[in-house]
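Hi,

Here is the structure I promised to pass on. Have a look at it first, and my notes follow below.

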Amino acid sequence: MSKNRQNKYMPLIMAVCVVVGILIGTFYANHFSGNRLSIINSSSNKINNLLHIIDDQYVDTVNVNQLVEKAMPQILAELDPHSVYINSQDVQAANDDLKGSFSGVGIEFTIRQDTIRVQNVIGNGPAERAGLIAGDKIVSVDGKPFVGKEVTNQEAMRRLKGPKDTKVKLGIIRYGEKKVKEFTITRGEIPQKSITSTYMIDDETGYIKVKNFGENTYPELLIALAKLSQEGVENLVIDLRGNLGGYLASAVQMANEFLPKGRLIVYTQGRKSPRQEYRSDGRGSYQHIPLVVLIDEASASSSEIFAGAMQDNDRATIIGRRSFGKGLVQQPMPFNDGSMIRLTIARYYTPSGRCIQKPYTMGDEKSYEEDLLERYQHGEFFSQDSIRHSGKAYHTSIGRVVYGGGGITPDIFVPEDTTNVTSYYKEASMSGLILQFAFNYTDNNRQKMNEFTGMKEMSAYLVKQNTVEKFAEFANKNGLKRRNLMIKKSHKLLERYINSRIIYNMLNDEAWTQYLNQNDPAIAKTLDVFRRKAAFPKKAASPK
């Protein structure tokens, strides 16, 4: 290029250089001065950039990690009621309930007057081997006092649980003694039982109480069924009342035990989750035993999967009240810091096509949480006609009509009995005074009641002790004014509640359940169904 030609284009080249320089300069000036709005507005990661701005420019120092911890639950709450964030400290506790075991000392405890009281000692567990007994008060852990306001359920669990074979030193004050005794306990594996009660209600009817659906629910079920089979079981009732659910796989395994080959148990489906079906393989050993399943408004998730599979396949008679309506599938997704989210990825559907999940509005968590209260006020707990269905009818395998709209509606409705409920009984129950009295009574009379090893003889003893009158005196001293007419009206309810808690404190879950089942309307309905040979699969009537 000639010199003249270079001079001709020089002004243009200079102009381009100036413009480019201005653009580059503006970019870097804006970038390094903190004025990043133009960049952020074009970014898809707004939240991340927002946190950077706060960290960089906010007037005061901000702990961004704490900000994130608080924001995560709020973000997920905008999606649905069951997508949740669990911080790293709570992940272990969230998983322990469904695992087959956890590592700890092996006690059940309650907190009374800012002190841990040992309620039960798990048989052959570390605490029992070390010498702890029910009624002991824990006043120190590893040489440091542990009483007062710092004693919370969460903090107690944190101190008592720990890796297997590690040691913890507990300071104990035993009833009737003033001196602190020290016990060194080597932590061990503590079994978590899903099935808390297995016994024969009468000569033909076996009963199994399933608390949740955990890792070991199915093998526990097989053991329970084998025990009942040895005792001559001909009819079976599975109690899922109060069972909030757990693992899908455990519910499917359990359902498989009662269904013939090829029956649909449940299917899941979501926007990014193709339909997945779970079917029975025909290997179950109890495909023909007449079956009743008990549910109530606190039966949720896997409980509803099992009950729905039995109902839609006409395999069991469902007795009780409409279940909770939790039919969203959560997938755990861990983060590097040990925290995790459980994100809803699909919905559960029963074999007939019913969606188990009750309706909800995104972001309206309060209305969802108050659904059970609304059901109660609407009268659903007391009248089958008050149950609100979606309107769409579905059909079971033999053509029976069942309804969607959330939860499983029972075949036979059992209302909540409020005949003898008074305001005195409600306050006594809700205030925790009955639990406090039962624990104190147990502690003060433990030596005498140790003579009784069975529920029936202990129950007979307690009836003679007039525990209702003793409770009324205790409650009057602790802020619940005596109401003689109300106490008389609610006497049976009060006695049942008080004595059941004392039996629980002295014996175990199974004895407590047996005691409560003696006058349970749902159990009475169940036995009537079996007497009439009306449970699925139906037995032919005995020849006259």
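To start with something you can check by eye: what is the handedness of the crossing where α3 passes α4? The crossing is right-handed. Keep in mind throughout that this is a predicted model.

A bit more on that pair. The axes of α3 (residues 46-57) and α4 (residues 64-77) come within 11 Å, and they cross at roughly 145°. On the α3 side the contact is made by I47, L51, I54 and D55, and α4 brings V64, L67, V68 and I75. Sorted by type, the contact residues of α3 with α4 are 7 nonpolar and 1 charged, with no polar ones.

Stepping back for the overall picture: the protein has 20 helices and 21 strands. Of its 544 residues, 45% are buried. If you take the contacts with a separation of 6 or more, 68% of them are between residues 24 or more positions apart.

Helix α15 (residues 455-464) and helix α18 (residues 491-506) have axes that come within 10 Å and cross at roughly 130°. That angle makes α15 oblique to α18. The crossing of α15 and α18 is right-handed. From α15, the contact uses M455, M458, S459, L462 and V463, while α18 supplies E495, N499, I502, I503 and M506. By type, the residues of this contact between α15 and α18 come to 7 nonpolar, 2 polar and 1 charged.

Now α16 (467-477). Its buried residues are T467, V468, F471, A472, F474 and A475. They sit on the same side of α16, because they cover an arc of only 165° around the axis.

Helix α7 (residues 153-160) has a similar layout to look at. Here E155, A156, R159 and L160 are buried. These four cover an arc of only 125° around the axis, and that puts them on the same side of α7. Q154 and R158, on the other side of α7, are exposed.

Last, some backbone details. Most residues other than glycine have a negative phi, and most peptide bonds are trans. With that in mind, a few spots are worth a look:

- N466 is not a glycine, yet its phi is positive, at about 50°. You will find N466 in the loop between α15 and α16. Its relative accessibility is 39%, so N466 counts as partly exposed.
- D142 also has a positive phi, near 55°, and is a residue other than glycine. D142 lies in the loop between β5 (137-141) and β6 (144-145). With a relative accessible area of 44%, D142 is partly exposed.
- The peptide bond from F536 to P537 is cis, with omega near -10°. P537 belongs to the segment after α20 (521-531).

That's what I have for now.

Cheers

Notes. Residues are numbered from 1 along each chain as its sequence is written. This is a predicted model: local features need pLDDT of at least 70, side-chain atom pairs count only at pLDDT 80 or more; totals for chains, interfaces and linings use all residues. Side-chain values use heavy atoms; hydrogens and water are left out. Axes are lines fitted to C-alpha atoms, for helices over the stretch in contact, and angles run from 0 to 180 degrees between N-to-C directions. Helices (H or I, at least four residues) and strands (E, at least two) are DSSP runs, numbered from the N terminus. Angles under 35 degrees count as roughly parallel, over 145 as roughly antiparallel, 65 to 115 as roughly perpendicular and the rest as oblique. A crossing is left-handed if the near helix is turned anticlockwise from the far one by less than a right angle, and right-handed if clockwise. Contact means heavy atoms within 4.5 Å. Ala, Val, Leu, Ile, Met, Phe, Trp, Tyr, Cys and Pro count as nonpolar, Asp, Glu, Lys and Arg as charged, and the others, Gly among them, as polar. Buried means under 20% relative accessible area, exposed over 50%, partly exposed in between (1.4 Å probe, protein chains only). The arc is that of the directions from the helix axis to the C-beta atoms.
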